[in-house]
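User: Please take me through some of the labels attached to this model, and show for each one how the value compares with its cut-off.

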Amino acid sequence: MIQVAFYTFAALSLSGGLAVLFTRNVIYAAFFLLLTLLGVAGLFVLASADFLAIAQLMIYVGGVLVLVIFGVMLTNKTDPAADASNQQPNRIASLNRSTGWVISALVAGSLFVALFTLLAKANFALLNQPAGWQSTVNTIGRQLMTEYVLPFEIVGILLLAALVGATYLASPLAKSFRNAAR
């Protein structure tokens with residue numbers, strides 16, 4: 001049963017990722033990304049990483065993906081002078097189109113071989129332990145409040161500063177100062 005669930009979630013993730021890669025419509029790509037993220041969250045649950053699965057669902061599916069979809073939908077301005085078919089792929093200007101894919105394939109293949117070799121030679125301590133089905137939320141919460149409290153607080157202050165800065169940059173007061181300086 002677990003193997004069937006694993007292969008189902010893996011197939012969902014891979015097919016969603018390939019569909020994101022090959023679709024030409026941004027909205028369809030966002031929905032295929034949703035399928036991919038749901039598949040990865042299912043794989044996290046099967047790996048006994050329930051906190052990561054919930055965080056994946058809340059942050060990426062619930063926040064980032066909805067923001068991307070709304071951003072695309074709200075900024076989609078049709079240009080009447082442009083071609084009516086919006087399904088053309090983006091073209092990237094390149095001087096060496098004939099050898100560009102060879103270099104890309106060599107770089108990607110080299111990275112794959114290097115990562116595969118690294119993972120094959122690594123000795124992961126968790127792989128030697130039997131798989132447990134206990135929740136990781138208590139362990140992560142305890143670690144964040146005891147051993148990693150300083151980095152946790154620093155990240156919190158950094159996010160607060162970024163939020164205040166973004167609010168200031170988006171405010172009408174900052175725009176009037178920028179316009180007066182010109």
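Analyst: Serine 48 is found in the loop between H2 and H3, where helices (H or I, at least four residues) are DSSP runs numbered from the N terminus. This is a predicted model, in which local features need pLDDT of at least 70, side-chain atom pairs count only at pLDDT 80 or more, and totals for chains, interfaces and linings use all residues. Residues are numbered from 1 along each chain as its sequence is written, and side-chain values use heavy atoms, with hydrogens and water left out.

User: What makes Serine 48 buried?

Analyst: Its relative accessible area is 17%, and buried means under 20% (exposed is over 50%, partly exposed in between, with a 1.4 Å probe and protein chains only), so Serine 48 counts as buried.

User: Why are H2 and H3 called roughly antiparallel?

Analyst: The axes of H2 (residues 26–46) and H3 (residues 50–75) cross at roughly 175° and come within 9 Å. Angles under 35 degrees count as roughly parallel, over 145 as roughly antiparallel, 65 to 115 as roughly perpendicular and the rest as oblique, so H2 and H3 are roughly antiparallel to each other.

User: Why are H6 and H7 called oblique?

Analyst: H6 (residues 149–170) and H7 (residues 172–181) pack at an angle of about 60°, with their axes 5 Å apart, and H6 and H7 are therefore oblique to each other.

Conventions: Axes are lines fitted to C-alpha atoms, for helices over the stretch in contact, and angles run from 0 to 180 degrees between N-to-C directions. Helices (H or I, at least four residues) and strands (E, at least two) are DSSP runs, numbered from the N terminus.
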